[in-house]
Amino acid sequence: MKIIGIIAEYNPFHNGHAYQIKKIKEELQADFVVVTMSGDFVQRGTPAIIDKYTRAKMALSCGADLVIELPVLWATSSAESFAMAGVTLFDKMGCVDGICFGAETDDLDTLSMIADILVCEPDAYRASLSSHLKDGIVFPAARSKALCDYFALYPAFCFPNSAHGNAEITLDVISSILNEPNNILAIEYLKALKRRNASLTPYVIKREGAGYHEEKILDITTEAPAPTASATAIRNVLDMQTHSADYQTLDALVSAMPKSVLDILKEHISNCNLVNQNDFSSILGYKLLASDIYALSDIGDVNSDVANRLLKNRMNFSSFEQFCERNKSKDVTYSRISRVLLHLILNITNSDYAFGKELDYIPYLRILGFRKDASALLKELKTNTQVPIISKLADASSFLDANAMTILEKDIFAADLYSQICANKSQNAPVSEYSKN
């Protein structure tokens with residue numbers, strides 16, 4: 001039995017995701033595909049546009065066999081912690097053979113070489129990184145520059161059998177790799193595999209069609225159509241639908257989503273409004289006013305400079321998005337500020353992250369959904385897993401220890417808050433996480 005894992009957000013699910021699952025089953029000959037998916041909040045520091053159960057259903061309708069929730073502590077963390085938690089989850093399942101991820105390149109050797117440098121952190125690399133950070137450059141850009149500096153210093157060591165002909169061209173290739181978001185996340189997965197020494201084989205599938213940041217749905221008509229839209233482009237269309245209140249006219253997404261997914265989306269929209277960052281503005285405004293410098297300094301991913309900045313600007317707050325824009329800077333990205341503000345709303349602290357790492361990231365597996373014909377997979381999971389499996393939330397406290405329950409309670413709070421916001425927008429009654437199947 002061959003089982004392959006995917007770490008995903010599916011915010012929302014689209015043709016590119018279906019393409020990946022199809023490739024895994026066809027080219028890797030996987031018997032089952034397991035997805036660990038972010039819950040109701042995602043890594044860029046925002047609520048998911050659609051709730052986790054609906055997104056899990058979308059994935060299952062397109063070939064995924066089992067969807068397990070990535071705890072909110074890690075789903076809303078830095079890319080490095082997000083990747084480590086996902087890899088750890090599959091490692092602790094005890095039955096997953098490999099993980100597959102999409103990237104803008106399928107050059108796994110080069111991605112692995114970059115990951116090696118980032119894991120080992122040789123002195124020359126660290127000195128260069130420190131120098132760039134002192135110049136006030138945001139960390140991702142500083143890291144990219146430091147890597148290129150290191151490769152320039154040691155071309156013969158880094159590229160002993162370079163197929164690119166010379167170091168200059170090779171460095172151009174490296175630089176272009178480091179500028180693409182999916183490549184960066186792929187490198188984080190490879191770093192996590194190396195640091196954990198996990199017996200999971202990495203597989204990379206080259207991203208086709210629309211780019212990660214593409215904001216429009218492309219008109220691609222070929223014999224084998226490539227994915228025509230990024231999640232960003234789809235969210236833009238859905239955002240326009242929200243503002244026009246025309247939830248039935250989703251024709252623009254016909255070429256971007258599998259039919260089963262679009263049908264699920266239409267059903268969801270008919271019952272519940274979509275959720276966005278600014279829906280949490282009033283809660284965020286209150287939290288900013290209620291927090292002092294000590295409370296802000298303990299929020300996840302906050303340092304003293306960021307805490308002081310938030311405190312200084314809080315009387316200029318008008319919305320979640322506006323406050324992210326106001327507080328981003330040359331050395332702090334919009335995404336990091338967004339994660340910080342989300343952590344403030346969800347009461348996620350630096351202490352929580354330290355505690356989660358002490359528990360080795362994943363103290364339980366919480367199932368969001370599975371296909372009826374995946375019974376063999378579930379049997380394999382129950383036989384090999386290193387941590388408890390939660391299939392019914394109400395039973396969790398009877399077999400999880402107090403430490404694991406502390407992490408789970410973060411998930412429950414986040415889900416209940418999301419449900420409340422969604423219900424208020426739709427003028428429905430919120431549904432407790434304990435009542436959901």
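Modeller: Gladly! Let us begin with a definition: rings of Phe, Tyr and Trp (its six-membered ring) form a pair if their centres lie within 6.5 Å. This is a predicted model, and the structure holds eight aromatic pairs.

Biologist: What describes a pair of aromatic rings?

Modeller: A pair of aromatic rings is described by the distance of the centres and the angle of the planes. Take W74 and Y361, with 4.6 Å centre to centre and 45 degrees between the planes. That pair is tilted, because planes under 30 degrees apart count as stacked, over 60 as edge-to-face and the rest as tilted.

Biologist: Where in the chain do W74 and Y361 lie?

Modeller: They link distant parts of the chain, 287 residues apart. W74 belongs to helix 3 (residues 72-75), while Y361 sits in the loop between helix 18 (350-358) and strand 8.

Biologist: Are W74 and Y361 buried or exposed?

Modeller: Both W74 and Y361 are buried.

Biologist: Why is the pair of F317 and F323 edge-to-face?

Modeller: Look at the angle: the planes of F317 and F323 stand at 70 degrees, with the ring centres 5.4 Å apart, so this pair is edge-to-face.

Biologist: And why does F317 count as partly exposed?

Modeller: Buried means under 20% relative accessible area, and exposed means over 50%. F317 has 21% relative accessibility, so F317 counts as partly exposed. F323, at 0%, counts as buried.

Biologist: Which residues do ring pairs link into a cluster?

Modeller: F41, F280 and Y418 are joined in this way.

Biologist: Finally, what about the chain as a whole?

Modeller: The chain has 21 helices and nine strands, and buried residues make up 53% of its 437 residues. Among contacts with a separation of 6 or more, 73% come from residues 24 or more positions apart. The chain exposes about 19,300 Å², with carbon and sulfur atoms supplying 49% of that area.

Technical notes. Residues are numbered from 1 along each chain as its sequence is written. This is a predicted model: local features need pLDDT of at least 70, side-chain atom pairs count only at pLDDT 80 or more; totals for chains, interfaces and linings use all residues. Side-chain values use heavy atoms; hydrogens and water are left out. Helices (H or I, at least four residues) and strands (E, at least two) are DSSP runs, numbered from the N terminus. Buried means under 20% relative accessible area, exposed over 50%, partly exposed in between (1.4 Å probe, protein chains only). Contact means heavy atoms within 4.5 Å. Accessible areas come from the Shrake-Rupley method with a 1.4 Å probe; for residues, only the protein chains shown count as cover.
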